[in-house]
Amino acid sequence: MMSNSKKDFDFGELKAVLEDAYAIGEIARIEAISCDEEELLGLSGALLGTSEPTSQTASATSFRVSTGQAEYFLKRIGDCISDERVKEIADFIWWTEARNYALSPALKVSTLGRAHIELCGNRFQLFDFVTQEKRQIWMRSELSLDDCALAGDLLARLHLASAEYLNEDERRKAVFFNSVDWNASCEALFERIKNYTSTHHVLSSVSKNEEYLKSRFSSATRFMSKQGKIALPLLVHGDFHPGNVLFLADKTDSRLVRLVDFDYLRLEHPFFDVGYAFIMFAQVLSFGKPRPPERTADLPVNWQFAKAFLRAYFKAVRKNPAEKLEFQIRKAELMAACLQPRSFLQYTTFACFLILEWAVDKLIDGSSHFSNIYVDVIETLEKLICYEVGEVVENIWIEAFTE
């Protein structure tokens with residue numbers, strides 16, 4: 001849930017650097033793509049930008065680049081991602097393209113054979129532009145059951161592709177190893193909440209439940225640490241939510257999907273992605289609408305969407321896209337892990353904390369214009385963690401797996 005860096009730069013210089021680095025011809029236009037909050041407040045209409053580049057849009061993180069022959073998507077890379085990791089992520093994307101996994105828009109290679117360019121301390125990647133049927137914003141998604149199914153299938157294809165990718169060369173595991181201290185992250189989160197309880201009323205509520213929330217989080221991290229040592233590792237996307245899934249419409253009007261923002265691709269148990277996506281695709285926030293009653297059944301969560309997502313994920317995992325014995329063993333391990341719904345519940349709890357950490361930071365550091373958005377997110381997550389929804393989640397998991 002971390003955002004990319006934002007450093008000002010000159011659009012004229014960016015245009016020159018892009019034309020020099022990629023054989024795409026003369027660039028006619030560079031448009032900043034609006035952020036999720038702007039979309040929520042109706043400050044812009046769709047994925048297509050409408051304004052000319054200005055000093056304000058120079059700090060954006062996504063752009064549409066137009067030439068006389070084609071259009072491209074330009075993405076700013078986050079500061080926390082090393083150049084080595086950027087290269088390894090690009091290699092994985094190119095590997096999936098070569099094997100027709102159809103996971104991501106095509107990533108362009110510079111004339112020097114590099115996966116990114118640099119300008120004024122910023123790093124950028126250039127992809128083929130794809131036209132979306134509709135843009136999804138995870139905080140106010142307009143999803144359908146079919147959308148959730150498409151997303152579940154896409155995540156399964158990512159995990160299956162990563163299994164084959166890792167089996168080809170075991171040394172790749174070391175490259176994507178993750179060493180985040182989640183317990184330290186939890187302590188830092190609640191310390192920050194304490195410092196701002198007088199500023200935001202919703203943080204006071206979270207602070208009052210600190211001990212219970214931290215105990216749930218600690219239980220989840222201990223379980224994940226144990227699973228990471230004994231269970232199968234795969235490459236997970238790390239930020240699989242509706243805004244990073246492109247729901248496309250091709251020339252024949254058939255539905256397609258692509259995945260973007262691989263900055264947090266790393267080695268984890270696949271349930272890291274599945275639990276996180278389960279919350280993201282099921283969460284239907286009531287931004288700008290009356291608050292729901294204080295009962296578990298009335299939480300702003302669409303469990304049917306969650307079930308559609310899981311059902312499609314399981315269906316795709318059961319498919320047989322490769323014949324190698326090593327891959328068949330890895331897939332069998334994944335299916336065996338799917339028989340443990342209580343394990344999945346720990347990952348959904350952990351996912352709530354990842355999103356909570358992001359929303360708290362945005363509420364404290366972000367613009368006051370968007371504060372209601374993050375208050376909604378925080379209140380919903382707190383209820384999901386504090387209410388006893390474990391039985392509901394486990395039943396959905398079992399039903400989706402057995403159908």
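**Buried charges and a helix crossing in a predicted model**

Modeller: In this predicted model, Glu210 is buried, its relative accessible area being 8%.

Biologist: Why is Glu210 called buried?

Modeller: The term applies under 20% relative accessible area. Glu210 has 8%, and therefore counts as buried.

Biologist: What makes Lys194 partly exposed?

Modeller: Its relative accessible area is 41%. This class lies between the limits of 20% and 50%, so Lys194 belongs in it.

Biologist: How do you know that Glu210 and Lys194 form a salt bridge?

Modeller: A side-chain nitrogen of Lys must lie within 4 Å of a carboxyl oxygen of Glu. For Glu210 and Lys194 the N to O distance is 3.7 Å, so the pair meets the rule. Glu210 belongs to helix H8 and Lys194 to helix H6 (residues 182-195), so the bridge ties together parts that are 16 residues apart in sequence.

Biologist: Where is Lys214 placed, and is Lys214 buried or exposed?

Modeller: Lys214 is in helix H8 (residues 210-230). Its relative accessibility is 13%, which is under 20%, so Lys214 counts as buried. Leaving aside residues up to four places away in sequence, Lys214 touches Cys186, Glu187 and Phe190.

Biologist: What makes Lys214 and Glu210 a salt bridge?

Modeller: Their closest N and O atoms are 3.3 Å apart, and the limit is 4 Å, so the pair qualifies. The two residues are four apart in helix H8, which means about one helical turn separates them. Through shared partners, salt bridges join Glu187, Lys194, Glu210 and Lys214 into one network.

Biologist: How do helix H9 and helix H12 cross?

Modeller: The axes of H9 (residues 271-282) and H12 (residues 341-365) come within 8 Å and cross at roughly 65 degrees. The crossing is right-handed. Among the residues that meet are Phe271, Phe272 and Val274 of H9, and Phe344, Tyr347 and Phe350 of H12.

Biologist: What classes of residue make up the contact of H9 with H12?

Modeller: The contact has 14 nonpolar, three polar and no charged residues. Gly275 of H9 takes part, and Gly counts as polar.

Definitions and conventions. Residues numbered from 1 in each chain as written. Predicted model: local features only at pLDDT ≥ 70, side-chain atom pairs only at ≥ 80, totals over all residues. Heavy atoms only, no water. Buried < 20%, exposed > 50% of the residue type's maximum accessible area, 1.4 Å probe, protein only. Contact = heavy atoms within 4.5 Å. Axes fitted to C-alpha atoms, helices over the stretch in contact; angles between N-to-C directions. Left-handed = near helix turned anticlockwise from the far one by under 90°.
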